[in-house]
Amino acid sequence: MNERWLRPQRDGWREVGIALSLAAIYLLVLINTVGELGYARDEGFYFDAAASYQRWFELLWRDPTRALRDVDLYWRHNHEHPAFIKSLFALSHLWLHDRLGLFAANEGSSYRFAAMLLSALGVGLVYLWGARARGRLVGLVAAGSLAAMPRFFFHAHLACFDTPVVTMWTWCAYCWWRALDRGGLQRMVLVGLTFGLALNSKHNSWFLPIVCVSHAMALQLPGVARGIDRERLTRRASAALLSMATLGPLLLYATWPWIWHHTIVRLQAYATFHLSHVYYNMEFMGRNYFEPPMPRAYAFVMTLATVPAITLLCFASGLWTSVGTLLRRVARPMTATTRSDPGTELLWLLAMGVQYAAWLREGTPIFGGTKHWMTAY
């Protein structure tokens, strides 16, 4: 095999082109398989909210003053969830269905298209990160494994938030990694902007600062990072965290009209809704759960039961290798290296681990299954 396929591709637009090509192929597959898929329960709420947001966008174009005055009238629909993904549903329906006449035979697919597009871009992004960090072969295996995962493939069709937030979450984490690896003002700004969009996608984004702060602190340990001096990494990490702390909340505010009025009260209500979410029943290991305590093994057993065996074997192999390499480097840090690496293995481990950590609490609300830790995949 060509050595280039096994070597990290740190820069260049060729990898971006390959990533976009993979995304385009996956998008075509999703479009050609969505027609026979029935609508999920949550989609009805999001269709209704997106239709209301669409009416506001159209009013904003015709009469900006009135649109800004009547924000609450249009944005109160489904206000317990952030607005970015639903806004994309609205704009997708407006342009692809109402203006261009596409999806005429299946109007619901015009809402779903935005989620399918983001899901496809997520597959391309996984390739891009894999190729940049470990080589094209790694990128292709990772992207292909995610694309073929049955639960991800199913959710990728739906006008819901679960796979779109996988893309937004991964995009922000990738921008964090690039900012530490290469530095530069543009990359620092991108960390903050992608964090803002993730915040306005779903509450999974609340875990991102935990990962980034933990990673920044761990970079102070000897051997975690290679080829980049600790002082430079500290400066880059501090700048990226500052960008997240400033640009992230500002972009959330700018792109969620519901919180333009009574901002603190409405943000508190949003957090309370999810931290004290109503419980759904589920069956696990022969028992029906209607209330806490949450079975701590739930997320891990469901992962083993729903992720293809070959993907789990690849994961186990990679986990063993990565943890072993990381421990050896911390124990005997290398003083010289020909390749820079800003603690990639540790970042990936933290990003996966935090998704499962919430399911170790017995009091975690039961209001969904595998979709809630899909960002780990």
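A crossing is called left-handed if the near helix is turned anticlockwise from the far one by less than a right angle, and right-handed if it is turned clockwise. By this convention, the crossing of H11 and H16 is right-handed. The model under discussion is a predicted one. Helix H11, residues 208–218, packs against H16 at an angle of about 145 degrees, and the two axes are 10 Å apart. On the H11 side the contact involves Ile210, Val211, Ser214, His215 and Ala218, and on the H16 side Leu346, Leu347, Leu350, Ala351 and Val354. Eight of these contact residues are nonpolar and two are polar, with no charged residue.

H16 also packs against H9. The axes of H9 and H16 come within 11 Å and cross at roughly 155 degrees. Angles over 145 degrees count as roughly antiparallel, and H9 and H16 are therefore roughly antiparallel to each other. H9 passes H16 in a right-handed crossing. Here H9 contributes Trp169, Ala173, Trp176 and Trp177, while H16 contributes Thr344, Leu347, Ala351, Val354 and Gln355. The contact of H9 with H16 comprises seven nonpolar and two polar residues, and no charged ones.

H9 has a further packing partner in H6. Helix H6 (residues 107–134) and helix H9 (residues 162–182) pack at an angle of about 30 degrees, their axes lying 8 Å apart. Angles under 35 degrees count as roughly parallel, so H6 and H9 are roughly parallel to each other. H6 passes H9 in a left-handed crossing. From H6 the contact draws on residues including Leu118, Leu121, Leu125, Leu128 and Trp129, and from H9 on residues including Met168, Trp171, Ala173, Tyr174 and Trp177. In this contact of H6 with H9, 13 residues are nonpolar, five are polar and two are charged.

The largest pocket has a volume of about 1,400 Å³. Its lining consists of 40 residues, and Ala142, Phe315, Trp348, Met352 and Tyr377 lie nearest its centre. Two or more lining residues come from each of H6, helix H7 (136–147), H9, helix H14 (298–306), helix H15 (309–331) and helix H16 (344–357). H15 supplies the largest share of this lining, with ten residues. By class, the lining of the largest pocket has 24 nonpolar, 14 polar and two charged residues.

The second largest pocket has a volume of about 700 Å³. Of the 20 residues that line this second pocket, Val16, Leu125, Leu128, Trp171 and Tyr174 are the closest to its centre. Helix H1 (14–33), H6, H9 and helix H10 (185–199) are the elements that give two or more residues to its lining. The lining of the second largest pocket divides into 13 nonpolar, four polar and three charged residues.

Conventions:
Residues are numbered from 1 along each chain as its sequence is written. This is a predicted model: local features need pLDDT of at least 70, side-chain atom pairs count only at pLDDT 80 or more; totals for chains, interfaces and linings use all residues. Side-chain values use heavy atoms; hydrogens and water are left out. Axes are lines fitted to C-alpha atoms, for helices over the stretch in contact, and angles run from 0 to 180 degrees between N-to-C directions. Helices (H or I, at least four residues) and strands (E, at least two) are DSSP runs, numbered from the N terminus. Angles under 35 degrees count as roughly parallel, over 145 as roughly antiparallel, 65 to 115 as roughly perpendicular and the rest as oblique. Contact means heavy atoms within 4.5 Å. Ala, Val, Leu, Ile, Met, Phe, Trp, Tyr, Cys and Pro count as nonpolar, Asp, Glu, Lys and Arg as charged, and the others, Gly among them, as polar. On a 1 Å grid over the protein atoms alone, a cavity is a set of points where a 1.4 Å probe fits but cannot get out, and a pocket is an open set with protein on both sides within 12 Å along at least five of seven lines; lining residues have an atom within 4 Å of a point. Grid points are joined across faces, edges and corners, and a volume is the space filled by probe spheres set on the points.
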